[in-house]
Amino acid sequence: MDHAPAEAARAARPAADDARTPDATEAGKPGNAVARLADEPVDHRFKGLPPDAEAAGLTVGELAAQRRDLHTGGFTTPVLTLDADALEHNLAVLGRYTARHGLAFAPHGKTCMSPQLFERQLEHGAWGITAAMPHQARVYRAFGIQRIFLANQLVDAAALRWVAAELAADPEFRFVCYVDSVRGVELMDRALAPSGATRPVDVVLELGAGEGARTGARTEDECRAVADAVARTATLRLVGVAGYEAEVPGADPAKVTAWLRRLTALTVALDAEGRFGALAPGEEIVLSAGGSSWFDAVAEAFAELPPLSRPVLKLLRSGAYVSHDHDWYTKLTPFNRVPEEGGLLPAFRLWAQVVSRPSPTQAFLNAGKRDVAYDLGLPVPEVVRGALDGVERPAAGVRLVKLSDQHAWLETDGAGDLEVGDLVGLAMSHPCTIFEKWQLVPVVAADGTVTEFVRTFF
């Protein structure tokens, strides 16, 4: 392959110091911050990239510009890939769905932790990005995310001081987090009061999904006690109500809908009681729910909300949709119930190589627990690519039965099913634990061309 264009580009680009990962000084400029990721060098940090690209001193952007073929362009195995068409399809489908149902959208960024995908989600109409942990919020701010919904009660004093500083430094920055206990409110106020915070931290009451569920106040009366505690502070401002419907014990359509109606009824009641009085006239009350399993029920329940004293930001938080998967979310997606509303495509495939064939019914791949998700089911062999002829065929008669740290154990029906050197494309479940094992993921077009790379920050 001719690397002359890359050599010229290297000679013309700034010194290596200019390729550092952006920091919080670039908050508010997501385009610039994301663009600078292309200046990172191709090196040992990133699994599966062509060794010759590192030897030539290429940057990630220069490697992408070469548009190499995934299988003939020097990539090593194992290598995780994202299907370019499936990725764009999924982004567009949820963008249309939320717009059609009058929902704002703050996709959960913990799924991918990828600033490039955050940028694309925002381009498809997202209101902001949801986080679960303070570190995730810090990553978001480093890449200029201006609206962050933290779906957790934040009682870490150091993290709260950081939030207060971000709010003080940037008048356009919006941050919202959960509260679910009086003690939590008191700890938050204790951390924020001496910090010199110039703006209160916006909070939403988290209504728990029931006894035995995850976080959240269990009753409406407990929610009112938490609201009273917020009102006693000068550091917090109550702006709404939220929760997570997938944690409803024994979740089914009836139980999920019943809990969502509790959530909306609580919002109506608190508004009638004047609990959102800290909001400016015309400022929105926040009502939020919605993972990747029940967003159809969320849309229906939120559509039933009567007019309130202020506009309502009906905020959906689904995250796994961006890549979808081959089994778990394929079974759980609400589009199975409402196929006329759309559908998602699995975007992941992990390519691994047969490195040992010790018996006619046994083979081993060079990928294991360090490379693939396995918490929601083992990967499934989907396709085999011949080592010598490059011909792809269905992985008939091939089963993955066990994972070691760096090997996948395969069973085969016969000696002719696989040969040493063949490539096996694996289908996987659970996007969150797939993304987290890879810092840089090639995005592949239908013809096998690597068009870009998605960077993650876990």
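Let's start with a charged pair: Arg 275 and Glu 273 join their side chains in a salt bridge, 3.1 Å from N to O. Arg 275 is partly exposed at 23% relative accessible area, and Glu 273 is partly exposed too, at 39%. Bear in mind that this is a predicted model.

Opposite charges on side chains can pair when the charged atoms come close. Here are three of these pairs:

| Glu 273 | Arg 275 | 3.1 Å |

In the Asp 43 pair, Asp 43 is buried at 14% relative accessible area, while Arg 45 counts as partly exposed at 29%.

Elsewhere, salt bridges with shared partners make one network out of Glu 40, Asp 43, Arg 45 and Arg 455.

**Strand β16**

Is β16 (residues 423-427) enclosed or open? Five of its five residues are buried, so the rest of the structure largely encloses the strand. Side chains in a regular strand alternate between the two faces of the sheet. In β16, Leu 423, Gly 425 and Ala 427 point one way, and Val 424 and Leu 426 point the other.

β16 has antiparallel partners. Strand β10 (residues 348-359) pairs with β16 over four bridges, with Gln 353 opposite Leu 423. Strand β12 (residues 380-385) is joined to β16 by five bridges, also antiparallel, and there Pro 381 stands opposite Leu 426.

**Helix α5**

Now for α5 (residues 84-100). Asp 83 caps the N-terminal end, with a side-chain oxygen 2.9 Å from the backbone nitrogen of Asp 85. After the helix comes Gly 102, with a positive phi near 65°.

Buried residues of α5 include Leu 87, Asn 90, Leu 91, Leu 94 and Tyr 97. What do the buried residues of α5 pack against? Their neighbours are β1 (79-83), β2 (104-105), α6 (115-123), α12 (295-303), β9 (312-316) and β17 (440-444).

Methods:
Residues are numbered from 1 along each chain as its sequence is written. This is a predicted model: local features need pLDDT of at least 70, side-chain atom pairs count only at pLDDT 80 or more; totals for chains, interfaces and linings use all residues. Side-chain values use heavy atoms; hydrogens and water are left out. Buried means under 20% relative accessible area, exposed over 50%, partly exposed in between (1.4 Å probe, protein chains only). Helices (H or I, at least four residues) and strands (E, at least two) are DSSP runs, numbered from the N terminus. Contact means heavy atoms within 4.5 Å. A polar contact is a pair of N or O atoms within 3.5 Å; within protein, one must be able to donate a hydrogen and the other to accept it, and residues adjacent in sequence count only if both atoms are side-chain atoms. Two strands pair if DSSP finds at least two bridges between them. A salt bridge is a side-chain nitrogen of Lys or Arg within 4 Å of a carboxyl oxygen of Asp or Glu.
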